Amino acid sequence: MKCLTVELGERSYPIWIGPGVRQKLADLLQQAGIAPGRKLFVVTDQNIAPLYLEDTVQLLTEGGYAVHHFIVPAGEEAKSLAIYEQIMTEALTIGLDRKSAFLALGGGVVGDLTGFAAATYMRGVAFVQVPTTLLAHDSSVGGKVAVNHPLGKNIIGAFHQPKLVAYDTNALTTLPPREVASGFAEVIKHGLIWDASFVTWLEENADGLQAFDHELLQAALLRACSVKVAVVSQDEREQGLRAILNLGHTFGHAFEALTGYKGINHGEAVAIGMVAAARLAERLGLAENISERTVRVLRQYRLPVALPVPLDVDEMLDVMRRDKKGEGGKLVFVLPTAIGKVDIYKNIEEEPVRAVLAELYEGGEA
Ligand SMILES: NC(=O)c1ccc[n+]([C@@H]2O[C@H](COP(=O)([O-])OP(=O)(O)OC[C@H]3O[C@@H](n4cnc5c(N)ncnc54)[C@H](O)[C@@H]3O)[C@@H](O)[C@H]2O)c1
Ligand SMILES: [Zn+2]
């Protein structure tokens, strides 16, 4: 079991990573200042509940906590105001107070939704992340929590840091292959924005990692999380540097929104978005020869590198202009300048973006 710390003064917290971390959950909670006797509200989804809810509740109950739980539907659609309201109703009905804590047992969807509920319930209560997906190495760290609006992804949200992240790599063994690939998209992203040697390592260890070699997996998660921790510790509320974590996301969010958050999952959308960002950087003369390697490493991890359905270019541009990073309707992008290096570009002209988008459909002429 390995530990990283997000250094944010009095909001600092540990990230425990390793096989069997969940077994120590009650102790870790206590160490994090959430004392036994307090009420814990465990939120999970319909797929995770039959696998990990019962033993998690039992471990916490044995640790002296008063545990309640709530199961939301699986999938991105659960990150909605409607489900958020159901969580609030349940929390009030079971009598949670300001001393209670919310615990997200699940992937990025459950984490973002539960975190937003915790950020707003009685103006904010304690919150713990117990990630169960590979992608959640990213979503569980850094305190960005949100629900979606039909007009935009993660548009209703807050910054609310967890007290603890307890990441049990044993839970990853039940993930469907497509979700494994999706998680690797954000792992690869952490290499592409920060550390070329990590990208090389991911290329060299693609087979072992996808065979779930535990040592390799733990090493990959530690390295990817370390990048996120370094960035978030320097810029908690995205005043500058933190925006680099959004590589591929301005594009990706548009793909997700326009496919109704169905059909393409988050990691897949980010993968296609990172290809688009590399091509845009090349077109603008900011980088050379990076899209080919970007495509290759994503393919190694069985990720899509083109849109599986045709999307309307004007509609994609409209969604991208509404993106939170946008200022006054201008297009803002995180673009690679080399493998392992990115920069933030404001005021990008529309024409080159159009050209990249027009060639992104896999059935197209690209
Ligand atoms: N807050 C952030 O900083 C941040 C960062 C990255 C992504 N995100 C968000 O994360 C979300 C995507 O997260 P995700 O990919 O984890 O999706 P997810 O939470 O929907 O999980 C993916 C699927 O796997 C299932 N599942 C989860 N754990 C499982 C397990 N151990 N075994 C079997 N099945 C399991 C889930 O039920 C779901 O069907 C998006 O909404 C994205 O916006 C947030
Ligand atoms: Zn993401």
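The model is predicted, so to speak of local features a pLDDT of at least 70 is needed, side-chain atom pairs count only at pLDDT 80 or more, and totals for chains, interfaces and linings use all residues. Residues are numbered from 1 along each chain as its sequence is written, chains are lettered from A and ligands numbered from 1 in the order written, and side-chain values use heavy atoms, with hydrogens and water left out.

- Helices (H or I, at least four residues) and strands (E, at least two) are DSSP runs, numbered from the N terminus.
- Glu-186 is buried at 2% relative accessible area, and His-249 is buried at 5%.
- Buried means under 20% relative accessible area, exposed over 50%, and partly exposed in between (1.4 Å probe, protein chains only).

**Cavity and pocket**

- Searching the whole structure turns up one cavity of 30 Å³ or more, and the largest cavity has a volume of about 50 Å³.
- Helix H11 (266-283) and strand E10 (333-338) are the elements that give two or more residues to the lining of the largest cavity.
- That lining includes Leu-192, Leu-247, Met-274 and Ile-290.
- The second largest pocket holds about 180 Å³ of space, and among its 13 lining residues, Val-125, Ala-126, His-160, Gln-161 and Lys-163 lie nearest its centre.
- On a 1 Å grid over the protein atoms alone, a cavity is a set of points where a 1.4 Å probe fits but cannot get out, while a pocket is an open set with protein on both sides within 12 Å along at least five of seven lines; lining residues have an atom within 4 Å of a point.
- Grid points are joined across faces, edges and corners, and a volume is the space filled by probe spheres set on the points.

**Gln-161**

- Gln-161 is in the loop between strand E8 (152-159) and strand E9 (164-168), and counts as buried at 8% relative accessibility.
- Its side chain makes a 2.7 Å polar contact with the side chain of Tyr-13, and a polar atom of that Gln-161 side chain lies 2.9 Å from the backbone oxygen of Gly-142.
- A polar contact is a pair of N or O atoms within 3.5 Å; within protein, one must be able to donate a hydrogen and the other to accept it, and residues adjacent in sequence count only if both atoms are side-chain atoms.

- Ser-100 lies in the loop between helix H3 (81-93) and strand E5 (101-106) and is buried at 1%.
- A polar atom of the Ser-100 side chain is 2.9 Å from the backbone nitrogen of Asp-97.
- Leu-303 is in the loop between helix H12 (291-300) and helix H13 (313-322), and is buried at 6%.
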